Amino acid sequence: MAEKRDTAVESPAAGDARALPLGSRVLLALLSAALLAVCFPPYNLWWVAWFALAPFLLALEGAKPFHARLVGFVWGATFYGFSARWLFSIFGFPAVALIGILALGPWLFGQAYVSARRRLPGGWSWAALPVLWVGIEYFRSECWYFKFAWFGLGYSQTSYLPILQWAGVGGCYGLSVLIAVANVFFLVSVVLRNARLALNTVGLCLLAAAIGAGRKTATDEARHRDSSDLRSFRVALVQDESSELDRMLELSRASLTYRPHLIIWPEYAVMEDPVGDAGMRRSISALAVESEAYVVVGCKRYLDAKH
């Protein structure tokens, strides 16, 4: 008597993904890294982020663990090497080590992806992927020594106010989860064609509702504020990769045409300590007097002999 066995139904596209050679997987990773890179300044193509990870996820589908880690590292080295290329202007060749450290996140995700897809049942394995991605993003940004918080998925939406409103609900990591879920959904429904029409419709409706609700929130906020107040407070954000005081002062004075009320220099805008350096303190104070504005300076301050 023949034994009856349950077999899982798999789309042809999913089977094709498992048969991808390593070279094709690397090319998909390069494509994905390029797509996500253009979501951030100066390109700001925020909408690309909603499917930019799909080629990378496809490259990991059915891959051997070693290949998944390799593809993850290639993705990370490409994305961070391009998006954080300004590191080379600051650190020179040693910036390669920083890029390599950043690439360890996608490297780890590659291994986690393979493990989740093999050990968890169907839908649960897909649901785990956004959690894994954002979990690694959170660890990289908050939990370890370097605290590299750059280029979280949520930051890709800074140029689109309706979606950005949801940061008020879940913060940047909430936006990252939303975008990661959309990428997994795009992979499953569009690329692998495993989702039914009803599920596709629900996903599109939820995305439309999120954009619509965010647009309404932004509009309501604008209506409840005095528009003259919004126009009266001006902020100048000044940044230069050289970390040289004279250059920062030059750029700050160039912004005085717009009569800013607040001038902000980002973290490590200058490498010296403006509290202990009397000359630097006088220069920054003179800028504040000249501009009649508050000046916020991100710097490296030594609190004591050890820090």
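Reply: Helices H2 and H4 cross in the right-handed sense, right-handed meaning that the near helix is turned clockwise from the far one by less than a right angle. Helices here are DSSP runs of H or I with at least four residues, and strands are runs of E with at least two, numbered from the N terminus. This is a predicted model, in which local features need pLDDT of at least 70 and side-chain atom pairs count only at pLDDT 80 or more, while totals for chains, interfaces and linings use all residues. Residues are numbered from 1 along each chain as its sequence is written, and side-chain values use heavy atoms, with hydrogens and water left out.

Me: At what angle do the axes of H2 and H4 cross?
Reply: They cross at roughly 30° and come within 9 Å. Axes are lines fitted to C-alpha atoms, for helices over the stretch in contact, and angles run from 0 to 180 degrees between N-to-C directions. H2 is therefore roughly parallel to H4, a term for angles under 35 degrees, with over 145 roughly antiparallel, 65 to 115 roughly perpendicular and the rest oblique.

Me: Which residues of H2 and H4 meet?
Reply: Leu22, Arg25, Val26, Ala29, Leu30, Ser32, Ala33, Leu36 and Ala37 in H2 meet His67, Leu70, Val71, Val74, Trp75, Thr78, Phe79, Phe82 and Ser83 in H4. Contact means heavy atoms within 4.5 Å. By class, there are 13 nonpolar, four polar and one charged residues in this contact. Ala, Val, Leu, Ile, Met, Phe, Trp, Tyr, Cys and Pro count as nonpolar, Asp, Glu, Lys and Arg as charged, and the others, Gly among them, as polar.

Me: And how far apart are the axes of H4 and H6?
Reply: The axes of H4 (residues 65-83) and H6 (residues 95-102) are 8 Å apart, and the two helices pack at an angle of about 130°. H4 and H6 are therefore oblique to each other. Phe73, Ala77, Tyr80 and Gly81 of H4 make the contact with Ile99, Gly100 and Leu102 of H6.

Me: What angle does H6 make with H7?
Reply: H6 packs against H7 (residues 104-119) at about 25°, with the axes 4 Å apart. H6 is therefore roughly parallel to H7. On the H6 side the contact involves Gly100, Ile101 and Leu102, and on the H7 side Leu104, Gly105 and Pro106.

Me: Changing topic, in which sense do E1 and E2 pair: parallel or antiparallel?
Reply: Strands E1 (residues 235-237) and E2 (residues 262-270) pair in the parallel sense over three bridges, where pairing requires that DSSP finds at least two bridges. Leu237 has Ile264 in E2 as its bridge partner.

Me: Finally, which residues does the cis peptide bond join?
Reply: The cis bond joins Pro41 and Pro42, with omega about 5°. Pro42 lies in the loop between H2 (22-37) and H3 (54-60).
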